[in-house]
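Subject: Structure for you to look at

Hello,

Here is the structure I said I would pass on.

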Amino acid sequence: MLTGRSAQDELQVLRERKCNTEEYMIQFDNVTKIYEKGAQPAIDNVSLTIHDGEFVFIVGDSGSGKTTMIELMLKELTPTKGTITINDQNLNKLRSSQIAKYRRGVGVVFQDFRLLKDRNVYDNVAFAQRVIEKPGRVIKRRVPEVLTLVGLATKYRSFPKELSGGEQQRVALARALVNRPKVLLADEPTGNLDPKNSEEIMELLDEINTRGTTVVVVTHNREIVNQMQKRVIRLRKGVIVSDVEEGGYVED
Amino acid sequence: MKIRSIFYNAGQGIKNIGRNRMFSIASVATMAACIFIFGIFFSVVLNFTYIIRTVETNVGITVMFNEDLAQSDIDRIGSAIVDRTDLVKEIRYVSADETWADFSARYFAGHEDAAEGWENNNDNPLANSAHFEVYPNSIEQQDELVNYIEGLEGVRQVNQSQQASTTLSSMNSLIATVSIAIILILLIISVFLISTTITTGINVRKEEIGIMKLIGATNSFVRLPFILEGILLGLIGAAIPMVIVYFVYNSAISYMLGKFSVLNTFMSGLLPVNAVFKVLLPVSLILGVGIALIGSLIAIHKHLKV
């Protein structure tokens, strides 16, 4: 069992980050992304605002532009037109040397977990702190905290192959949260999980959101969207076709 | 970049070497071969240069005077030569009597009565053989010095003996040229192999690099392990041949000085191993690290788009 501050302490720290629905955390202003000249836009003139502390689903079929939105928010792509502002930073104006620092404020999890197979749970989470050059004493304190939060404190020595899919996604979440990002982006986080594990991961994301982190989940999992009753933005061929507060998954 | 990150990345670099064992061994082996050959040729060239210098100091120009030249004129010629400090290292006056004494000691040894016979007929058979022995600063200046002395009034003849030193000089140039050519080829192979090793490391860690970038690692943090890995390969590749060259050189000079005592007598021996390594060791380490850095940077530039 890892020692460190309890999950309650971690909860308190995150609660202090007051949810301010008046301020926006993510803003797309007439954003278009075209991969190749002459091709159909992957994202076509999208404008949207996500407030600080919100929980938002972005849904849509394959090719609707969901993943492009995530990649734009991670500054892996640059919009062809329009402006993206996240956490008070205009991503269009970020110089390459500033991208690393920007990404430290944005956590991300993927469908395929992307854990380092040759490292145990502790080292996978600590890795996120090491690469941003956090001191060892901070790593020793924060990693147990966040592993307690995701319910893996007892499995810190396990390697990814020894864990279930749900547990691996929890490790990925712990890695995304250990640097206390203001925004958490989840790209199909339940794509490789059974319904029970999917539900647990969504409960965890909800809990993280209640602690003040803005959560954006890209998914096509109808059950979880309907169950969560959160804001749902639906994309079709790169265009927002609906944006509903406390909505469900609407088929085309 | 913080110190702890350098240690962390050095650890990652060492792990990379372990992961790409075969490529790492190939890189180190080629690098070691390159530095070994460099070390051997460097030692040979350095010794040849040393021998040439020694020979040069023993090769003088003989300046003969017109017959019956007055001592004051000889002194004038001597002053004119001494004035050229840019060319002249040393000048020695050898009188006719000294020349005869030297000649008779060399050619009438054991037949002193015959030499006396010569002296009885004529005061000194080599009466006009007084001369200056002039030593230039370097062998390259010999021609210029000869031209200068020939232009002086009262000088009958200037003799020079360049054969030994020019032969050694041209041998030295040949060895240097051949070694530079071999070393250049090996250097190119080393750079290529190091670059391939680092590229393999980058490919093996592609996923990890992707994650690092997504969670906010700076470009320099992502690149550092690969640079350190290259430097480490370079250092190992340079250190191994240096140890071998040290022992080979030591044994070689002991053998040669024992076998060819002439080296000791006429050429003040060969350079001791410490004298050679004072230059060779830092040059080789810099060369090894330099090659490795170039190889790493090529791989990083081509395959690590961060």
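Leaving aside its neighbours within four places in sequence, which residues is Gly107(A) in contact with? They are Ala176(A), Leu177(A), Pro181(A) and Leu184(A). Two residues are in contact here if their C-beta atoms, placed from the backbone, lie within 7 Å.

Some ground rules come next. This is a predicted model, in which local features need pLDDT of at least 70, side-chain atom pairs count only at pLDDT 80 or more, and totals for chains, interfaces and linings use all residues. Residues are numbered from 1 along each chain as its sequence is written, while chains are lettered from A and ligands numbered from 1 in the order in which they are written.

Confidence

pLDDT is the predictor's confidence in each residue, from 0 to 100. Chain A averages 88, and 90% of its residues score at least 70. Helices (H or I, at least four residues) and strands (E, at least two) are DSSP runs, numbered from the N terminus. Over residues 14-21 of chain A, pLDDT stays under 50. For that stretch the model has 15 contacts beyond four places in sequence.

The two chains

Chain A has 8 helices and 10 strands, and chain B has 11 helices and 4 strands. A residue is buried if 20 or more other C-beta atoms lie within 10 Å of its own, exposed if 12 or fewer, and partly exposed in between, with C-beta atoms placed from the backbone. Of the 252 residues in chain A, 44% are buried; of the 306 residues of chain B, 29% are. Among contacts in chain A between residues at least 6 apart in sequence, 71% join residues at least 24 apart. In chain B, residues 24 or more positions apart account for 88% of the contacts with a separation of 6 or more.

The sheet in chain A

Two strands pair if DSSP finds at least two bridges between them. In chain A, 6 strands form an open sheet with mixed pairing, in the order 6-7-8-3-9-10. Strand 6 (106-110) and strand 10 (239-244) of chain A are the edge strands, each pairing on one side only. From one strand to the next, the twist averages 15°. Strand 3 (residues 55-59) and strand 9 (residues 231-236) of chain A run parallel and are joined by 4 bridges. Val59(A) has Arg234(A) in strand 9 of chain A as its bridge partner.

Strand 6 and Gly107(A)

Gly107(A) sits in strand 6 of chain A. Why does Gly107(A) count as buried? Gly107(A) is buried because 28 other C-beta atoms lie within 10 Å. Strand 6 of chain A pairs with strand 7 of chain A in the parallel sense over 5 bridges, and Val106(A) stands opposite Val183(A) in strand 7. Helix 6 (residues 165-177) of chain A lies across strand 6 and strand 7 (183-187), running at about 165° to strand 6. For that angle, axes are lines fitted to C-alpha atoms, for helices over the stretch in contact, and angles run from 0 to 180 degrees between N-to-C directions. Gly107(A) and Asn179(A) are 72 residues apart along the chain, with their C-alpha atoms separated by 8.0 Å.

Two loop residues

Glu133(A) is not a glycine, yet has a positive phi of about 60°. Glu133(A) lies in the loop between helix 4 and helix 5 (136-149) of chain A, and counts as partly exposed because it has 15 C-beta neighbours inside 10 Å. Lys237(A), in the loop between strand 9 and strand 10 of chain A, has a positive phi near 50°. Lys237(A) counts as partly exposed, with 15 C-beta neighbours inside 10 Å.

Where the chains meet

The contact takes 14 residues from chain A and 14 residues from chain B. Helix 3 (96-103) and helix 4 (121-130) of chain A each supply at least two residues of chain A's side. Helix 3 of chain A gives the most, with 3 residues.

Regards
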